[in-house]
Amino acid sequence: MNGEPGDIITHQHGLHQGDPLSPMLFIIVMDVLNSLFMKAGEVGLLRPLSARATNHRISLYADDVALFTKPVENELHVTKLILDHFGEASGLWTNLQKSCVIPIQCDQQVQQLVEDSLECPTKGFPCTYLGMPISHKKLRKADLLAWVEKVADKLPGWKASLLNLAGRAALVRFVLSAIPIYILFAMNVPKWFIKAIDKIRRSFLWKGRREANGGCCLVAWEKVQRPLDLGGLGILNLEIASWALQMKWLWLQKTTSDRPWSGLEIPTHPHARAMFAISIVTQVGNGRDTLFWTDKWLHGSALPDIAPEVFMHVPKRLTNVRIVEQALTDRTWVRDIQGGLSIYGLIEYLILWDLIEEFILTNEVDRHCWKHDNSGIFSSKSAYKLFFNGSITFEPWRHLWKSWAPPKCKMFLWLAIRNKCWTADQIAKRGLDHPVSCVLCDQEEETVQHILVGCVFAREFWYILFQAVHFQQLAPRSNEKDFASWW
Ligand SMILES: [Zn+2]
């Protein structure tokens, strides 16, 4: 306990499967395994894996354990001994037949050595860890296709024909869109992957099947994927969602630098990086946690914005590592600038000089703030919304989606407001047979707006309806052309 060996614990009760205590017990026990490997590293039995980046040699989650070791005979021997001792003490024996060795950049001879000493089968990449395909190279299409199939498997089959559009929309929003979230969060997926999943989601939304042709889709998929207040159905746009989720990694990297992976380069989409860079403002305290050349720290601006030419003369290897504290000590930042500056560069340099001279470091720690949330803390949700900034608001959204009407009525109104109902004008657009004028009044062309508010019969209907509650003056007038604005 607390680093000291204590008395022997004799356990008197077994645990049932699913007991809430068992994950905690598991952690207590598995922590010992981790400590054993750390200790072996400390006393020099196992050499460090690499100079920089991660010094973790074991990753534990539920019943998946990944162990990293050097393919050297005595280290393999030590690893096996540790596992054996751990098994003896805890009763958790490693089943070597069920485990596998995955060599990373090993030649044939080394592979043979590993196989002989650990006595477990060798496999290649990609392997599956926590349900995620992992590889040291780019994943092949076939590896990711399994995930597309996972989404397709969730289609409800014959039951789909019993669902209306509103029901299918709910299924797409909450079930089909939720499955890929996990993989989108963990890796930068290629575009075809998102397209393949979109195809399934789109076809299911409009037709209830896995495959459907474009003609069945009443509203463009781009528009369907917008949030409700921007005129969509609130179905997640997976591409944008993947950027928003990736920004979480950048945020964690910035704010909690003690994570085991924080030294690694995280594959993120350029859009995610760019959006992240403009959304973080840093309040510099002691300057130890802020990058001098790239973070937004000087009066809310980043140096490339204040002095773009000066920034161009700083080598990239320095911009990525120079922190504010170092840069301000003995004016190191001046020495980072290499090569001759033009006259504009010199002006920028002088402005920068003045700004930096009046900057004083304090004893507090640096704080990074996410601009788009009052708490200053990043959330993927606010990041997702950010990508829709500047879009036109869909005015009737509150009346429409916040009403108490049944979902299928709301869905009809959504289509009506968007002019996407199968009325004569829409049928005509597709070159099909259609009635020339409104079948009710035979006076005007049939559009959905006409049927809902323009037609004399519709106006009569609304009048009678409102009369019942003495609001008849609210009924649509003869000059009313647009349902949404009247409503
Ligand atoms: Zn009419």
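This is a predicted model: local features need pLDDT of at least 70, side-chain atom pairs count only at pLDDT 80 or more; totals for chains, interfaces and linings use all residues.
Which residues is valine 172 in contact with, leaving aside its neighbours within four places in sequence?

**Figure 1. Surroundings of valine 172 in the largest nonpolar core.**
Leaving aside its neighbours within four places in sequence, valine 172 is in contact with Ser177, Arg201, Phe204, Leu205 and Ile235. The largest nonpolar core comprises 47 residues. Val172, Met247 and Leu452 are the residues with the most contacts inside this core. Two or more residues each come from H4, helix H5 (165–176), H7, helix H9 (238–255), helix H10 (270–279), helix H19 (407–417) and helix H21 (448–454). H9 makes the greatest contribution to this core, giving eight residues. Another core, of 15 residues, lies apart from it, with Phe311, Val324, Trp333 and Ile337 among its members.

**Figure 2. Packing of helix H4 (residues 141–153) with helix H7 (residues 191–207).**
The two axes come within 10 Å and cross at roughly 15°. Because angles under 35 degrees count as roughly parallel, H4 is roughly parallel to H7. The crossing of this pair, H4 and H7, is right-handed. On the H4 side, the contact is made by Leu144, Val148, Val151 and Ala152. On the H7 side, the contributing residues are Phe193, Ala196, Ile197 and Ile200. By class, the residues in the contact of H4 with H7 comprise eight nonpolar, no polar and no charged.

**Figure 3. Packing of helices H9 and H10.**
The axes of H9 and H10 are 9 Å apart, and the helices pack at an angle of about 60°. H9 and H10 are therefore oblique to each other. H9 passes H10 in a right-handed crossing. From H9, the contact involves Trp243, Gln246, Met247 and Leu250. From H10, the contact involves His271, Ala272, Arg273, Met275 and Phe276. The contact of H9 with H10 has six nonpolar residues, two polar and one charged. Met247, which takes part in this contact, is also one of the residues with the most contacts inside the largest nonpolar core.

Histidine 470 is exposed, with 7 other C-beta atoms within 10 Å.

**Figure 4. Glycine 157 in the loop between H4 and H5.**
Glycine 157 is exposed, with 10 other C-beta atoms within 10 Å. Along the sequence, glycine 157 and arginine 418 are 261 residues apart. In space, the C-alpha atoms of glycine 157 and arginine 418 are 29 Å apart.

**Figure 5. Glutamate 348 in helix H16 (residues 343–357).**
Glutamate 348 has 19 C-beta neighbours inside 10 Å and so counts as partly exposed. Not counting residues up to four places away in sequence, glutamate 348 touches Ala307, Glu309 and Val310. Glutamate 348 and proline 308 are 40 residues apart in sequence, with a C-alpha to C-alpha separation of 8.0 Å.

**Figure 6. Isoleucine 427 in helix H20 (residues 424–429).**
Isoleucine 427 is partly exposed, with 14 other C-beta atoms within 10 Å. Leaving aside its neighbours within four places in sequence, isoleucine 427 is in contact with Trp422, Leu432 and His434. Isoleucine 377 is 50 residues from isoleucine 427 along the chain, and the C-alpha atoms of the two are separated by 50 Å.

Methods: Residues are numbered from 1 along each chain as its sequence is written. Axes are lines fitted to C-alpha atoms, for helices over the stretch in contact, and angles run from 0 to 180 degrees between N-to-C directions. Helices (H or I, at least four residues) and strands (E, at least two) are DSSP runs, numbered from the N terminus. Angles under 35 degrees count as roughly parallel, over 145 as roughly antiparallel, 65 to 115 as roughly perpendicular and the rest as oblique. A crossing is left-handed if the near helix is turned anticlockwise from the far one by less than a right angle, and right-handed if clockwise. Two residues are in contact if their C-beta atoms, placed from the backbone, lie within 7 Å. Ala, Val, Leu, Ile, Met, Phe, Trp, Tyr, Cys and Pro count as nonpolar, Asp, Glu, Lys and Arg as charged, and the others, Gly among them, as polar. A nonpolar core is a set of buried Ala, Val, Leu, Ile, Met, Phe, Trp, Tyr and Cys residues joined through C-beta atoms within 7 Å. A residue is buried if 20 or more other C-beta atoms lie within 10 Å of its own, exposed if 12 or fewer, and partly exposed in between; C-beta atoms are placed from the backbone.
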